[in-house]
Amino acid sequence: FSFAGILQEDIDLKNRILFEHIPAGMKHLDVIIEAMHNNRRLEIGYRSYTWNEIREITLEPYVLRLFKQRWYLVGYNIENHQTHLHALDRMHHVVMTEQEFVYPRQFEPRDYFDGCYGIIHDDNLLPTHTVLRVSSTQAPYLRDAPLHSSQKEIESNERYSIFELTVCHTYDFIKELFSLGPEVVVIQPIALRERMIGGIQKMMEHYGHDK
């Protein structure tokens, strides 16, 4: 918001500063932030990728987070009495109600995402000691932009570096490892290494049948 204000003041630079595209969910930010500020419940028309229709949900908004070009809202769902993550670009409409709620002081956003690589929080997964071997060409990028706050470089030579971190093996973390391709190899734990091998084998099968 501060940066947007700077651009408004210096209109000459507007076309010389380029942003990543963020899906249409940004249009809901104002009402969500207002509801968070006033501790008001939200009525949201939401469509999950696993649903065939838009469903109405009532949410107590807790935390907003931007990750990988998308805004997400963590909130307490009144219908199922659970705290969930919702993508703003999957919201059809968002309306702030007159119903107030008490923000739970025991809920700490940083603790909620502690051990998470990105935005997926899973109560069934615990942060796990993980060791990665990273090529010398990729290592500088991980030094400057760590995968997780727990990341440490424990070995380095002219061919590769070894990084260790304690992180939950969520879908988005594993997807990030795959995106790095042959530049990163999982050393530990064995379960994650085997999961990566299984994914690589499936990719080879897909490409082998594409003739």
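Biologist: How far is the backbone oxygen of Thr 128 from a polar atom of the side chain of Thr 130?

Modeller: The two are 2.9 Å apart, a polar contact, meaning a pair of N or O atoms within 3.5 Å in which, within protein, one must be able to donate a hydrogen and the other to accept it, with residues adjacent in sequence counting only if both atoms are side-chain atoms. Bear in mind that this is a predicted model, where local features need pLDDT of at least 70 and side-chain atom pairs 80 or more, while totals for chains, interfaces and linings use all residues. Residues are numbered from 1 along each chain as its sequence is written, and side-chain values use heavy atoms, leaving out hydrogens and water.

Biologist: Where is Thr 130, and is that residue buried or exposed?

Modeller: Thr 130 is in strand S6; strands (E, at least two residues) and helices (H or I, at least four) are DSSP runs, numbered from the N terminus. Thr 130 is buried, at 0% relative accessibility, where buried means under 20% relative accessible area, exposed over 50% and partly exposed in between, with a 1.4 Å probe and protein chains only. Beyond its neighbours within four places in sequence, its contacts (heavy atoms within 4.5 Å) include Phe 163, His 169 and Leu 192.

Biologist: Changing topic, how many aromatic pairs are there?

Modeller: There are nine, counting rings of Phe, Tyr and Trp (its six-membered ring) with centres within 6.5 Å, where planes under 30 degrees apart are stacked, over 60 edge-to-face and the rest tilted. Tyr 62 and Phe 101 make a tilted pair, with centres 6.3 Å apart and 40° between the planes. Since Tyr 62 is in strand S2 (residues 55-67) and Phe 101 in the loop between strand S5 (91-100) and helix H3 (109-112), the pair ties together parts 39 residues apart in sequence. Tyr 62 is buried, with 10% relative accessible area, and Phe 101 is buried at 7%.

Biologist: What about Phe 67 and Tyr 117?

Modeller: Those two are edge-to-face, 5.6 Å centre to centre with 85° between the planes. This pair links distant parts of the chain, 50 residues apart, with Phe 67 in S2 and Tyr 117 in the loop between H3 and strand S6 (128-135). Both residues are buried.

Biologist: Which ring does the charged end of Arg 65 sit over?

Modeller: That of Phe 113, 4.5 Å from its centre; the rule asks for NZ of Lys or CZ of Arg within 6 Å of the ring centre and within 35 degrees of the ring normal. Phe 113 also belongs to a cluster linked by ring pairs, with Tyr 62 and Phe 101 among its other members.

Biologist: And the sheet, what order do the strands have?

Modeller: It is an open sheet of five strands in the order S4-S3-S2-S1-S5, paired antiparallel, where pairing needs at least two DSSP bridges between two strands. S4 and S5 are the edge strands, each pairing on one side only.
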